[in-house]
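Here are my notes on this one, in the order I would walk through them with you at the screen. Please have the viewer open as you read.

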Amino acid sequence: MELFYYMVFGALGAVVAALELSKSNKDRVNTSAAFNSFKNNYLLVYSLMMAGDWLQGPYVYYLYTTYGFGKGEIGQLFIAGFGSSMLFGTIVGSLADKQGRKRACVTYCITYILSCITKHSPQYKVLMVGRVLGGIATSLLFSAFESWLVAEHFKRGFDQQWLSLTFSKAVFLGNGLVAILAGLFGNLLVDTLNLGPVSPFDAASIFLAIGMAVILSSWTENYGDPSENKDLLTQFKGAAVAIASDEKIALLGAIQSLFEGSMYTFVFLWTPALSPNDEDIPHGFIFATFMLASMLGSSIASRLLASNSTRVEIYMQIVFVISSASLLLPLLTNFLVTPSKVKGGGITFAGCLQLLGFCTFEACVGIFWPSIMKMRSQYIPEEARSTIMNFFRIPLNIFVCIVLYNVNAFPITIMFGMCSIFLFVASILQRRLAAIGDKSKTEDWAMMKERDAEAEPLNVP
C-alpha cells in the first residue's frame with residue numbers, strides 16, 4: 001500500500017486524538033448522573049444497531065456478484081431497497097408515532113435480521129424480498145431511534161442542551177468508530193478466516209439481536225400522538241399540513257434531502273472516481289479513512305453544539321459551502337490535471353487530490369448528522385416526529401433511485417458537479433432558515449416584553 005494512504009489516515013487520526021484529548025472543562029457540559037446513565041444506555045443500543053448496519057454495507061454488492069448476478073440485476077436490487085424505504089418504510093415509520101417508538105425500534109431489529117437471513121439464498125426473488133425488508137429497516141433506523149431519544153429525553157426532564165451531547169457522541173461512535181471496527185471485523189471474517197461473504201450478515205444479526213435484548217429489557221415506551229381516532233391517513237395529512245404551513249420544517253426537509261441525496265450519490269461514485277483506469281486502490285482502508293474523517297467532523301460538531309455563542313443554523317451554512325467545494329474537485333481536476341491513460345497501477349495525482357477532497361466531505365458529513373438532529377429536535381413537532389422525518393426521506397429515495405437507474409447515462413464528473421450544486425443550494429436554504437429563526441426569536445422576545453408591560457401594575461401617585 002502506498003505511503004500516501006498511511007499519511008492521510010495518520011494525519012486524520014492525530015487531529016481527532018488531539019481534539020478529544022484537548023477538551024477542557026470549558027468544552028464539557030456538566031450533567032447529572034441520571035442523564036449519563038440514560039445517554040450511555042442509548043449509545044450502547046445505537047452502536048449495536050449501527051454495527052449491524054455497517055457490517056453489511058461493504059459486502060452487499062460483492063455477495064450479489066458471487067451469486068452470479070450482473071450489474072443490471074444488482075442495480076435493480078438496490079433500487080428495490082430505496083423504493084421500499086420510500087413506500088413501505090414511510091408507512092411503517094409513521095406507525096411509530098401511534099404504536100410506540102420502542103416497538104418500532106424492536107421492529108427494526110426483527111426486520112433487519114430477516115433481511116440478513118435472506119442473504120443465504122442465491123435466489124433472485126428471495127434476495128429481492130431481503131432488499132425490501134432492508135429498505136423498511138433503514139427508514140426505521142433513521143427515524144424511530146431518534147424519535148424515541150428526543151421524546152424520552154424531555155419526558156425525563158433533562159436539559160435541552162444535553163440532547164446535543166447525545167447526538168454528537170452517537171455520531172462519533174456509531175458513524176465513526178463502530179464503522180471502522182465493523183469494516184475491520186468484516187474483513188477478518190471474509191478474508192482472514194475465509195468464512196465467506198455471507199458471514200458479515202450473520203455477525204450483523206447477532207449484534208442486532210443483542211441490541212434488541214437491551215431495548216426490551218431497559219427501554220420504556222413513548223408515543224407521538226396515541227389518540228385512538230387518528231388513522232394512518234390522518235397522520236399523513238397532519239404531517240403534510242405541518243410541513244406546508246411551517247416554512248422552517250419545509251426548509252429543514254429540503255436541506256436534509258439535498259445533503260443526504262448528495263451523500264448517497266457519493267457512496268456510489270467514489271470508487272470509480274479514484275480508479276477511473278482500474279487503478280489498484282485499497283477500498284477497505286480508504287473506507288476506514290473516510291470514517292475517521294467523519295469522526296473528526298463529529299468531534300468538531302460536539303464543540304460547536306456545546307457552545308452557547310454558536311448557533312447551529314449559522315455554522316451549517318459554512319459546512320454546506322465547504323462540502324459543495326469538496327465534491328467539485330473531480331470536475332476541476334478533470335480540467336486542470338491531464339488524465340492518465342495507463343491502465344492499472346497506483347492512485348494518480350488527480351486521485352490523491354480527490355481523496356483529500358472526499359475526506360473533507362466526510363468531515364462535513366460528521367458535522368451534519370448531529371447538527372441536523374439538533375435542528376430536527378427544535379423544529380419538528382413531537383406528536384408527528386417519525387411521520388415527518390420519513391416524509392423527508394421520500395424525495396431523497398426518489399433522487400437516489402433516479403441516480404442508480406441512470407448511473408451509466410452521465411459522466412462521473414457531471415454527477416459530482418450536480419451534487420455540488422445541490423449542496424450549494426442547501427447552504428442558501430440554510431441561510432433562509434437562520435433568518436427565519438432569528439425573526440421568530442425577535443418576535444417572541446417582543447411579545448414577551450409586551451406581555452410583561454401589560455402585567456406590570458400602574459404606579460398611581
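1. Arg156 is partly exposed, because its relative accessibility is 39%. Its side chain meets that of Glu152 in a salt bridge, 3.1 Å from N to O. Glu152, by contrast, counts as buried, since its relative accessibility is 1%, under the 20% cut-off. Do keep in mind that this is a predicted model.

2. Salt bridges with shared partners join Glu152 and Arg156 with Lys155 in one network. Over the whole structure, the search finds six salt bridges.

3. Another of these bridges pairs Arg432 with Glu247, at 2.9 Å from N to O. This pair connects distant parts of the chain: Arg432 belongs to helix α17 (residues 412-455) and Glu247 to helix α11 (residues 247-274), 185 residues apart. Arg432 has a relative accessible area of 42%, so it is partly exposed; Glu247, with 38%, is partly exposed as well.

4. Have a look at Arg311 and Glu313 too: they form a salt bridge whose closest N and O atoms are 3.5 Å apart. Glu313 counts as buried because its relative accessibility is 4%.

5. Turning to the aromatic rings, the count is 32 pairs. One of them, Tyr108 with Phe145, is edge-to-face, with 5.4 Å between centres and 90° between planes. Tyr108 is in helix α5 (residues 101-118) and Phe145 in helix α7 (residues 144-155), so the pair ties together parts 37 residues apart in sequence. Tyr108 has 0% relative accessibility and therefore counts as buried; Phe145, at 1%, is buried too.

6. Phe158 and Trp162 make a tilted pair, 6.3 Å centre to centre and with 35° between the planes. Both residues are buried. Ring pairs link them into a cluster whose members also include Tyr108, Phe145, Trp148 and Trp219.

7. Which residues touch the most other members of the largest nonpolar core? Among its 136 residues, they are Met49, Tyr108, Phe145, Phe290, Met316, Phe358 and Ile388. Helix α15 (residues 349-379) supplies the largest share of this core, with 14 residues. Leaving aside residues up to four places away in sequence, Met316 touches Ile367, Phe368, Ser371, Met375 and Gln430.

8. Finally, the surface: Phe185, Leu188, Leu193 and Leu195 form a nonpolar patch there, with about 340 Å² of accessible area together. Leu188 sits in helix α8 (residues 162-192) and counts as partly exposed because its relative accessibility is 34%.

Methods
Residues numbered from 1 in each chain as written. Predicted model: local features only at pLDDT ≥ 70, side-chain atom pairs only at ≥ 80, totals over all residues. Heavy atoms only, no water. Patch = residues over 30% accessible without salt bridge, like charges linked within 9 Å, V, L, I, M, F, W, Y side chains within 5 Å. Areas by Shrake-Rupley, 256 points an atom, 1.4 Å probe, with all protein chains shown as cover. Salt bridge = Lys/Arg side-chain N within 4 Å of Asp/Glu carboxyl O. Helix = DSSP H or I, 4+ residues; strand = E, 2+ residues; numbered from the N terminus. Buried < 20%, exposed > 50% of the residue type's maximum accessible area, 1.4 Å probe, protein only. Core = buried A, V, L, I, M, F, W, Y, C linked by side-chain atoms within 4.5 Å. Contact = heavy atoms within 4.5 Å. Phe/Tyr/Trp six-rings, centres within 6.5 Å; stacked < 30°, edge-to-face > 60°.
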